[in-house]
Amino acid sequence: MPHLCPLCVTDENTSEGRTDDGIRFVVCTHRSHGPDGFVWEPSAPPGKSIRNDGLGAELSIWDRLLELFDEDEDFIPYGEVEDRLFEKYPDIAEKLLRRYGHKFRDPAFPSSQYSMSAYLASRLRELEKEGALQLTWRPATGEWAHNGVISHWRLTR
Ligand SMILES: [Zn+2]
């Protein structure tokens, strides 16, 4: 089944992969996403709870992510969410880093196409679908600039 890239809105550059622990993901290699491509998890089938994921349940990742946001603040870039996770819940962040790797955080744990960032962004997306978070796309800056645009998040108002 072809997957539509949510950013390019075509399926011309998308293909499916699977992590060692069985997570299905899609990568879009359109050059606008930089050398690593844009990676996301396809939506769970309708009716299947999004909080079924074993690792996510073990880490209570959805609740932990929501705790990283302040009530009154505007959209923050994905990279800031990740920084806050490392500050507030270093054990969780380290566990994900070791399991899925990261593009630039630690040379000892490099990522393949799927990274801890793809994992966390997919969980944020689920929170958006639940109505807890709002998402917008804006130009990526700093260490994330290779992505072109990056997701920005805030608590739903
Ligand atoms: Zn794309």
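In the protein, 44% of the contacts between residues at least 6 apart in sequence join residues at least 24 apart, a contact being two residues whose C-beta atoms, placed from the backbone, lie within 7 Å. The structure is a predicted model, in which local features need pLDDT of at least 70 and side-chain atom pairs count only at pLDDT 80 or more, whereas totals for chains, interfaces and linings use all residues. Residues are numbered from 1 along each chain as its sequence is written.

Five helices and six strands are present in the protein; these are DSSP runs numbered from the N terminus, with helices (H or I) of at least four residues and strands (E) of at least two. Along the sequence, the elements follow the pattern β-β-β-α-α-β-α-α-α-β-β. The protein has a radius of gyration of 15 Å, close to the 15 Å given by the globule rule for 157 residues, so it is as compact as a globular protein of that length. This radius is taken over C-alpha atoms, and the rule is 2.2 Å times the number of residues to the power 0.38. The C-alpha trace spans about 40 × 40 × 35 Å along its principal axes.

An open sheet of three strands, with antiparallel pairing, has the order S1-S2-S3; strands pair if DSSP finds at least two bridges between them. Strand S1 (14–18) and strand S3 (38–40) are the edge strands, each pairing on one side only. Neighbouring strands of this sheet are turned by 25° against each other on average, direction ignored. Five bridges link S1 to strand S2 (residues 24–28) in the antiparallel sense, and Glu16 has Val26 in S2 as its bridge partner.

Another open sheet of three strands, also with antiparallel pairing, has the order S4-S6-S5. S4 and strand S5 (133–139) stand at the edges with a single partner strand each, so one side of each is left without a neighbour in the sheet. S5 and S6 run antiparallel and are joined by seven bridges; Leu133 has Leu155 in S6 as its bridge partner. Helix H5 lies across S5 and S6, running at about 130° to S5, where axes are lines fitted to C-alpha atoms, for helices over the stretch in contact, and angles run from 0 to 180 degrees between N-to-C directions.

In helix H3 (residues 78–88), Tyr78, Val81, Glu82 and Leu85 are buried (20 or more other C-beta atoms within 10 Å of the residue's own; exposed, 12 or fewer; partly exposed, in between). Seen down the axis of H3, the buried residues fall within an arc of 95°, so they line one face of the helix; the arc is that of the directions from the helix axis to the C-beta atoms. The face of H3 turned away from this buried side carries the exposed residues Glu87 and Lys88. The cover over the buried residues of H3 includes strand S4 (76–77), helix H4 (90–100), helix H5 (116–130) and strand S6 (149–155).
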